[in-house]
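The stops below go from the whole chain to single residues.

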Amino acid sequence: MRIRLLGTVDVDVDNRPLKLAGPKQRAVLSMLALSANSTVSVERLIEGLWGEEPPTTAAKMVQQYVSQLRRLLPENGAARIATHGRGYELQIDPAAVDALQFERLVAHAANGNGDRGDLAREALALWHGAPLAGMGEEPFAAAEVRRLEELHLGATELALEDDLAAGRHAEVIGQLRALVDEHPLRERLRALLMLA
């Protein structure tokens with residue numbers, strides 16, 4: 001089983017896509033997957049789905065979305081949604097969620113564990129478009145997208161630093177110029193461009 005959040009939100013089981021319903025169901029799955037193996041309260045799910053003005057039936061609707069997701073998940077136990085009081089926990093191997101795998105690789109690269117450049121490039125290879133694509137209208141998404149994009153930019157900087165250390169200045173200068181144009185206040189990118 002694989003949950004992809006770095007691009008369009010979708011789920012594959014044995015290389016077959018699961019048919020997810022509308023954006024609210026995808027949003028519940030996304031919130032549970034981003035907090036995999038931790039309990040997410042019903043209140044947090046409601047706020048993430050409707051913001052400060054939820055419908056009166058919000059708790060019941062969250063329960064329905066979770067019930068639908070449970071029916072979609074494979075019976076082999078690769079992932080399951082457990083109920084803990086007034087919350088839900090997606091129990092899954094974190095490596096099966098691309099966003100969690102991405103975060104782990106970026107953290108290892110940033111901490112200097114292993115080859116920083118290779119780890120950063122491996123993390124960047126997990127991206128298949130804008131994170132949480134199609135979730136832009138959901139209240140929880142904006143902050144998560146910003147956080148993931150910031151991590152993506154940090155991983156890009158680590159990979160570019162590695163390229164420069166390996167003497168690939170001419171190969172990355174165009175990418176650096178484009179990134180500086182896109183993020184003019186990012187000092188680290190400017191420093192890398194100057195070095196290149």
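**Whole chain**

Read along the sequence, the elements follow the pattern β-β-β-α-β-α-α-β-β-α-α-α-α-α. That comes to eight helices and six strands, where helices (H or I, at least four residues) and strands (E, at least two) are DSSP runs numbered from the N terminus. This is a predicted model, in which local features need pLDDT of at least 70 and side-chain atom pairs count only at pLDDT 80 or more, while totals for chains, interfaces and linings use all residues. Residues are numbered from 1 along each chain as its sequence is written, and side-chain values use heavy atoms, with hydrogens and water left out.

Show the C-alpha trace: along its principal axes it spans about 55 × 40 × 25 Å. Of the 196 residues, 43% count as buried; buried means under 20% relative accessible area, exposed over 50% and partly exposed in between (1.4 Å probe, protein chains only). Among contacts (heavy atoms within 4.5 Å) with a separation of 6 or more, 59% are between residues 24 or more positions apart.

**Helix 1 and helix 3**

Select residues 23–34, helix 1, and residues 58–72, helix 3. Their axes come within 10 Å and cross at roughly 75°. Axes here are lines fitted to C-alpha atoms, for helices over the stretch in contact, with angles from 0 to 180 degrees between N-to-C directions. Helix 1 is therefore roughly perpendicular to helix 3; the cut-offs are under 35 degrees for roughly parallel, over 145 for roughly antiparallel, 65 to 115 for roughly perpendicular, and oblique for the rest.

Which residues of helix 1 and helix 3 meet? On helix 1 they are Lys24, Gln25, Val28 and Leu29, and on helix 3 Tyr65, Val66, Gln68, Leu69 and Leu72.

**The aromatic pair**

Next select Phe102 and Trp127, which form an edge-to-face aromatic pair, 5.4 Å centre to centre with 65° between the planes. The structure holds one aromatic pair. Rings of Phe, Tyr and Trp (its six-membered ring) pair if their centres lie within 6.5 Å; planes under 30 degrees apart count as stacked, over 60 as edge-to-face and the rest as tilted. Phe102 lies in helix 4 (residues 98–110) and Trp127 in the loop between helix 5 (116–124) and helix 6, so the pair ties together parts that are 25 residues apart in sequence. Phe102 is buried at 0% relative accessibility, and Trp127 is buried at 14%.

**Two residues of helix 6**

Move to helix 6 (residues 141–165) and select Thr156, which is buried at a relative accessible area of 7%. Its side chain reaches the backbone oxygen of His152 at 2.9 Å. Beyond its neighbours within four places in sequence, Thr156 is in contact with Leu124, Gln175 and Leu179.

Asp163 lies in helix 6 and is buried, at 13%. What joins the side chains of Asp163 and Arg168? The answer is a polar contact of 2.8 Å, meaning a pair of N or O atoms within 3.5 Å; within protein, one must be able to donate a hydrogen and the other to accept it, and residues adjacent in sequence count only if both atoms are side-chain atoms. Not counting residues up to four places away in sequence, Asp163 touches Arg121, Arg168 and Val172.

**Positive phi**

Most residues other than glycine have a negative phi. Select Asn37, in the loop between helix 1 and strand 4 (39–41), where phi is near 65°. Asn37 is partly exposed at 34% relative accessibility. End at Leu132, in the loop between helix 5 and helix 6, with a positive phi of about 55°. Leu132 is buried, with a relative accessible area of 2%.
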